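I opened a notebook page for this protein.

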Amino acid sequence: MDTFKLVRPEHLNHYGYLFGGFLLKWVDEIAWIAASRDYPGGRFVTVAMNSVEFHKGVHQGTVLRFSTHEHQRGRTSVQYAVSAFADDLESGREEPIFSTCVTFVHLDGEGNKTPLPEGTD
């Protein structure tokens with residue numbers, strides 16, 4: 001699944017770069033959407049995000065492309081790999097800026113771990 005975000009002034013830190021917290025929020029949200037679409041009716045909460053390392057600063061006006069896919073599936077959890085790329089709209093090139101895996105656990109209505117529902121694959 002590919003998703004796009006535009007870096008706007010309200011996403012910048014006091015140095016004029018994308019604030020890392022916004023990027024992490026977007027990564028978590030995009031991975032959750034992927035899990036929810038892959039497992040309709042599932043209730044997922046984030047339990048882990050590995051390897052938080054920012055590779056390059058991002059300025060206002062940059063279009064970010066997020067590429068997401070299921071990486072690993074367990075009995076009650078699922079992990080999604082998310083990569084973020086900064087698009088250069090002038091040249092058409094893109095540069096990797098961030099990647100991680102986000103792990104979700106599937107919960108029942110009382111908040112207990114429960115087996116994953118059938119996926120859409």
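The entries below follow that order.

**Entry 1: ground rules.** I noted that this is a predicted model, where local features need pLDDT of at least 70, side-chain atom pairs count only at pLDDT 80 or more, and totals for chains, interfaces and linings use all residues. Residues are numbered from 1 along each chain as its sequence is written, and side-chain values use heavy atoms, with hydrogens and water left out.

**Entry 2: elements.** I looked up the secondary structure and found one helix and five strands. Helices (H or I, at least four residues) and strands (E, at least two) are DSSP runs, numbered from the N terminus. Their order from the N terminus is β-α-β-β-β-β. The C-alpha trace spans about 45 × 30 × 20 Å along its principal axes.

Entry 3: Of the 121 residues, 36% are buried; buried means under 20% relative accessible area, exposed over 50%, and partly exposed in between, with a 1.4 Å probe and protein chains only. I also checked contacts (heavy atoms within 4.5 Å). Among those between residues at least 6 apart in sequence, 67% join residues at least 24 apart.

**Entry 4: strand pairing.** Two strands pair if DSSP finds at least two bridges between them. Strand β1 (residues 2-6) runs antiparallel to β3 (residues 63-73), with five bridges; Phe4 has Arg65 as its bridge partner there. On β3 I also found ten bridges to β4 (residues 77-87), again antiparallel. One of the partners is Tyr80 in β4, which faces Glu70 as a bridge partner. A hairpin of three residues links β3 to β4.

**Entry 5: salt bridges.** How many salt bridges does a search of the whole structure find? I got six, counting a side-chain nitrogen of Lys or Arg within 4 Å of a carboxyl oxygen of Asp or Glu.

- Glu10 pairs with Arg8, with the closest N and O atoms 3.0 Å apart. Glu10 is partly exposed at 46% relative accessible area, and Arg8 is partly exposed at 41%.
- Glu95 pairs with Lys56 at 4.0 Å between the closest N and O atoms. Glu95 lies in strand β5 (residues 94-106) and Lys56 in the loop between β2 (44-49) and β3, so the pair ties together parts 39 residues apart in sequence.
- Glu70 meets Arg73 at 3.1 Å, N to O. Glu70 is partly exposed at 26%, as is Arg73 at 42%.
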